[in-house]
Structures are given as C-alpha cells and as structure tokens.
Amino acid sequence: MRYPLIDDGELAEPAWATINEQVATAGWRRSARAVPAALATVVLLAWRTSRRWTALAATAHLAAGALQAVGLFAVADAFTTLLDGAPNPDRLLDSVPSLLLVGLAHTARTTVGAVAHLAQAALAPRVEYAARHGIHRAVLDVAPVAFSDADFVELVRQGGMHGVWAVRRSVQAASDLLAALVALAVALAVVTTFHPWLLPALLLAAAANGWAAMRAARLSYTSFLRMVARDRQAWLVGDLITGAESAMEVRAFLLEEVLLDEHARVSERLNADAVRTEARCAAIRLGGRALAAAGGLGAYCTLGVLLYTQQVPLSLAGTAVVAISGAAASLSQAIREFNAMYENSFYIDLRARLLDECRRRRGAARSRSAPPDPATITLRGVTFAYPGQHEPAVRDVDLTLRRGQVVALVGENGSGKSTLSRLICGLFTPDTGQVLWDDVDLATAAPPRTSLIAQDPVRWPVSAATNICISDLDGERARWPDSARTAGADTLIEALPRREDTVLSTLFAGGHGLSTGQWQRIAAARGHFRTAPLLIADEPTASLDALAEARVFDALCGNEGASNRTTVLVTHRLGNVRNADLIVVLERGRIVATGTHAELISRPGPYRLLYDSASEGSAAR
Ligand SMILES: Nc1ncnc2c1ncn2[C@@H]1O[C@H](COP(=O)(O)OP(=O)(O)OP(=O)(O)O)[C@@H](O)[C@H]1O
C-alpha cells in the first residue's frame, strides 16, 4: 500500500489560525465590533487612497437616500390626493405635481446611483493596491530570520491573498451597505409614520435574516481556519505537479500518479469539509429566511388590521404597501451587505494580524549605523536557534575577523557555516551574545553594508547586466564588465543573443535561460560588483567547473580589492582554503578548531580528518 507523501499527523494548524479561530467563535459581542472595525479599516484606506472618490461615493449614496425619501413622500401625496374620497378628473389633475416629483426623484436617484457606482469602481482597485502595498512594505521590513518560520510564511501567503481580496470586496460592500442603510432608514421612517406597529414586524424579519447570515459566515471562516494546514498541503502538491522546478524529477521518478493521488486524497478531505460546512450554512440560512418571511407577512397582516380598524386611512394603504416592500427590500440588501462585511471582517482581521506580526518581527528601531569600514568584527558568546527549533544552529561562538583577512568556515553539512556567516553580517541577530563591528553591537545598529554571493542565488528575471548591478543599483553601472570578468561571467554574457541586454528568464519573449553553474558565475559577479567592507561567499563554486572555480577563488583570496575588505568564505572545497588567513572548523554549531591550513594540518583533529577525506575522495575520482 502506498503511504501518504505528507503524514497527516504533521499537519499542525499554525498558531495564528488557532488564535483567529478562538476570536471567530468568541461570541456576539466580538461580532458586533467586527463590522465597524472592518468598515473603519476600509474607509480609512479609501480615504488615504483618494479623498475625492471616497467623498463622492459617500455623498452620492446619501443623496440617493434623500431622493428616495422625496420619492416616497411624493407617492404618499399622490395616493392621498387620488384616493381621498371618490375619484374624479380634478383630483387626477391635482396629483400631477406629486406624480412629476415621483418621476423626477426616481430619475435623479438613478443618476446619483450611477455616480456612486462610478466612484466605487474607481476606488476599489486603488484601495486594493494600497492594501497590497501596505503588506509589501511591512513584509520587506521583517527580519530575514522570520522566513525560516513556517507559520509566518503561511500567514504572509494567506493574509496577503485573502486579506487583500477582502479589502477590495469590502469597498463595494461598504458602499452598498451605506446605500442600503440610508434607503432602509428612509423606508422605516416612512413606514413608522403610518403606524409604529409596522416597525417590530419588519425588524423581526431583519433580525432573523441577520442572525442566520452571521452564523453562516462564522461557520465558513472557522472551516477556512480548520483547513489552513490541509489547504497548504494541497497547494504544495499542486505546485509540485505544475511547477517548473519539479518538472524533471517528477517525470524521471515517475511520480505523476503518486502526486495526482496525493492531491486527490487531500482535496477529498477539503471538499468533504466544504460540503459539510455548506450544508450547515444552507440549513441556517433557510431557517433565517423562514423567520424573515414570517416577519414580512406579519407587517402586511398588521397593515390589514390597521386598515380594518381604520387606524390608517385607505388612501394611504398604497403608499404603505410601497413603503413596506421598499423597507423589506432595503432590509434584505442591508443584511446581505452587512453579512458580506462580516465575512470580510475575518479576513481583514487576518491582514491586521499579518501587519502586527510583521511589526513584531521587525526588531527594535536602530539609531546608530554600523561602521562603514570596520577594522575588526568580533563575535562574543554567540548562540542562535532558528524559530521553533530547540537545538541552536550556532552555539557559544567567540571569533575575531580582521580587515583584509580571508576567513574560511568549514565543516560537515549542517554544522552551522551558513548560519554563522548570516550572524557575522547582521542578517540574523543572535539569541545570546554579541556581534560587534569595531565596538558597535549590530543588534543596536542599522544593517551594515555587506556583499553576498549566495549559496542558492536569486535568478532575477532582468537583463544580464542588471543581474550583476542589482547588488548596488546606486553604484557606477559601467563597472559591471570588470565584475563579470573577475567572476568568469564575461564570456557567457558575450555569447548571449543580446549580450548584456539579454533578459535572463525564459518567461519573457527573447529571454534566455542559464545553467546552474552559469547562474553561479553571475551571482559571483554580483557579489564583486558591490563594494562593501565584508563579502560573504557561501559555497560560491559548488556548481562551477575547475577552471571557473580557480578563477573565483583567485578573485576572493587574491589581491583584487581583497585587502580592504574582510572575506568570509563558506566552502567544502578544502583544497581552495589553503591560502585563507584563518580557517574556522565547525561541528554541530560549535567552533572546534581555528588556525591556518599549515597549523591545522600539522596536528590530528577535525580539520585533518575533513581534509584527508576530501583528498581521498578526489584521488579516488
Ligand atoms: N531555515 C531553517 N530553519 C530551521 N533550521 C535550519 C534552517 N536552516 C538551517 N537549519 C538548521 O541549522 C543547522 C545549520 O545549518 P546551516 O545551513 O548553517 O549549515 P551548513 O553548515 O551551512 O550546511 P551545508 O554545508 O549543508 O550548507 C542545521 O542543523 C539545519 O538543520
């Protein structure tokens, strides 16, 4: 029997989903606050985005309401004139001004409605952009370590996607709600002028409908939260099926059916929950509508009784019917929009939680700057664990790096080399201990200027030249050919169809793909282009051929600019670190040996073991 690719036991709900679930089921008091809070968020976003369109939309809706009132009172006037006593041609003539007013009010209301619709249509995309921009800004301010936390990554995905859509939908819902509330207030005011007893029946209809709609919205949202982990699983498997990165292995290992089965298995659970939730929602809505219909019927029966007992004159019966049906229509519209806002409020809340989480993970404001050209970088008792991990990836590290030195970090896979390099350059902040650039603790300073040749570099979908210059867009662009030459990327760029202007992405017409090694050369050129006091080169030659590798190491450890900067080299190619000024050997996050190649190789220890096994490996090859 085939076992599931991802064990269901590992599908823990993210912490934020559990918290939001508690909030969603917290009771009606929270619910009463949810819609005004969501409305405030959307109105504020709209106001900041465009005061003109927001004011126009609000004014148009209010004007439409006022015109509806004028129309209703004109109808009442016309009916009273026409039906007061026996009909005759004079009364018909007397009612003409009121009938004209009805027509005018209706035309004006339709025109104002169209203006409101236009303002709403102009606002929605702008507000959506503002909401998305806010998330982008907040996420970009987050410290990089946050992206090692799966919960946060999922919150960014869901909060970004659903939160932004909820804001956009809410622009429409909020405008329609305003329109419906104005219309409702007008209709209820008119109905109440006939007799106050008509009001409770209509309100009963509203309450029943509203209760059902809100309860259904809560059920849908808690189902969404319950299914977050499984939805992520379905998304991951879907991505493996359709993604470019997995396309080769999926076919080579004949995983097509396995992935389709896995997707079917996960989707089945998702669908079953969706159907169960929808069935419960439908039953609740049905109950609500039945009660609402009873309320509507009650209003008409009350009117009948009032007419029968002559508490309302027959001449006003027509207007009363128009007002009651108008009030009922406005009520159901208001409830529909309130419900839409209520549903959206959960996702707007999710967006707020994402923004809060980004603020929390942004770290303290730093008033100082790191020295631009430090003579020493000192680590004192540095320990660091990734979010959610008990075992530190780096522990109790004391180390001093001096300007001009090439420091090689070596050790087995997972020994903490990359993590340590990120701590040295301030990308990560230690849990305990300090990283000092001269005497400035990086925990208290703005991020220092660093250059990086990443282990898995970003394949920027831009031109070859910009791919190099992107490390320093304010730098002198004309220098890029030197950096390309230093990294051995010059010949590959010359061979591209449009040379340095060729876009390095096959997603664009005329774009060009590169091999892994070619990308690594571009990444090395990018690292060299940025002038910084510290260069981190994390496995810069893992995919390079021997010639290119020698060239890159030459550039890193040789003379070109190396004397003014500190170079941290993370590598498994021990043959190439012989010239390093300092070699640091790591084992399970701890430094177990430091020295030059000559010092370390002269005595038995972890470095000699690593070096001998690497040499045996290359001799055997
Ligand atoms: N994003 C992450 N989240 C959680 N743990 C991580 C993460 N990245 C690395 N680790 C853990 O931290 C430890 C050190 O990882 P690191 O990448 O620093 O090792 P390394 O020596 O650079 O390995 P390699 O030579 O394979 O690149 C490992 O045990 C790894 O499992």
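Author: Here are a few labels, each set against its definition. This is a predicted model, where local features need pLDDT of at least 70, side-chain atom pairs count only at pLDDT 80 or more, and totals for chains, interfaces and linings use all residues. Residues are numbered from 1 along each chain as its sequence is written.

Reader: Why are β11 and β12 called paired strands?

Author: Strands are DSSP runs of E, at least two residues long, while helices are runs of H or I of at least four, numbered from the N terminus. Two strands pair if DSSP finds at least two bridges between them. Antiparallel β11 (residues 582-587) and β12 (residues 590-595) are joined by 5 bridges, so they meet that rule.

Reader: What makes a set of residues a nonpolar core?

Author: Its members are buried Ala, Val, Leu, Ile, Met, Phe, Trp, Tyr and Cys residues, joined through C-beta atoms within 7 Å. Buried means that 20 or more other C-beta atoms lie within 10 Å of a residue's own, with C-beta atoms placed from the backbone. The largest such core has 87 residues, and Leu202 is one of those with the most contacts inside it. The largest share, 21 residues, comes from α6. Apart from this core lies another, of 69 residues, including Val435 and Tyr607.

Reader: Which helix gives the most to the shell around the ligand?

Author: Helix α12 (residues 417-424) does, with 3 residues.

Terms used: Buried ≥ 20, exposed ≤ 12 C-beta atoms within 10 Å, placed from the backbone.
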